[in-house]
Amino acid sequence: MTAPGDLMQALFLRLKTDASLSALLGGAGLLEQASAKAAFPHVTYGRTSAFDLDTGTDNNDDQLITLHVWSKAQGEAETRLIMDSIKARLDGAALSIGPRGQTRLSLEFAEARYDDDLEVHHGLLRFRALTQESG
């Protein structure tokens with residue numbers, strides 16, 4: 001089983017080693033959870049769902065993970081650049097997490113919009129993480 005916490009750590013480690021993403025985020029912009037004082041732009045880890053697509057039951061071999069991009073820049077260009085950088089780093093990636101085998105990532109959904117209530121640009125990236133046992 002690939003635990004959601006282990007998957008999150010592996011994803012953030014992969015993203016932290018991307019110099020172009022670090023430059024876009026200004027350094028410490030990858031946050032598990034943002035505080036009210038968090039600098040913009042930043043990326044936060046969102047909801048993780050473990051499931052079986054065929055049966056609808058819990059199955060930690062197949063997970064959906066969500067990353068949120070937050071920006072206060074004028075226009076959505078900064079949000080899109082950060083989303084594109086994350087997509088380039090994660091879409092199609094194979095991660096070794098624990099002894100079970102490889103976890104392969106694929107982008108399932110992406111959206112960028114302006115949130116009037118928060119006065120912030122919000123990008124959302126949802127990845128499917130499928131773990132296959134070593135044979």
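E111, R113 and D115 are linked in a network of salt bridges (a side-chain nitrogen of Lys or Arg within 4 Å of a carboxyl oxygen of Asp or Glu). The model is predicted: local features need pLDDT of at least 70 and side-chain atom pairs pLDDT 80 or more, while totals for chains, interfaces and linings use all residues. Numbering runs from 1 along each chain as its sequence is written, and side-chain values use heavy atoms, without hydrogens and water.

**Exercise 1. Find how many salt bridges the model has, then examine the pair E111 and R113.**

Step 1. Take the count: there are 4 salt bridges.

Step 2. Side chains of opposite charge can pair when their charged atoms come close.

Step 3. Go to E111 and R113. Their closest N and O atoms are 3.8 Å apart.

Step 4. Check accessibility (buried is under 20% relative accessible area, exposed over 50%, partly exposed in between; 1.4 Å probe, protein chains only). E111 is partly exposed at 34%. R113 is partly exposed too, at 36%.

**Exercise 2. Work out which parts of the chain the salt bridge between D62 and R128 links.**

Step 1. Start with the distance. The closest N and O atoms of D62 and R128 lie 2.8 Å apart.

Step 2. D62 sits in strand β3, residues 62-71. R128 sits in strand β6, residues 120-133. (Strands are DSSP E runs of at least two residues, numbered from the N terminus.)

Step 3. Read the separation. The partners are 66 residues apart, so this pair links distant parts of the chain.

Step 4. D62 is buried, with a relative accessible area of 5%. R128 is partly exposed at 22%.

**Exercise 3. Decide whether E76 and R80, which form a salt bridge, are buried or partly exposed.**

Step 1. Confirm the pair: the closest N and O atoms of E76 and R80 are 2.9 Å apart.

Step 2. Read the areas. E76 has 33%, and R80 has 37%.

Step 3. Conclude. E76 is partly exposed, and so is R80.

**Exercise 4. Inspect the backbone at P41 and at E119.**

Step 1. Look at the bond between F40 and P41. The peptide is cis, with omega about -5 degrees.

Step 2. Locate P41. The loop between β1 (30-31) and β2 (42-50) holds this residue.

Step 3. Turn to E119. Its phi is positive, about 55 degrees, although E119 is not a glycine.

Step 4. Locate E119: the loop between β5 (101-115) and β6. E119 is exposed, with 54% relative accessibility.

Notes
Helix = DSSP H or I, 4+ residues; strand = E, 2+ residues; numbered from the N terminus.
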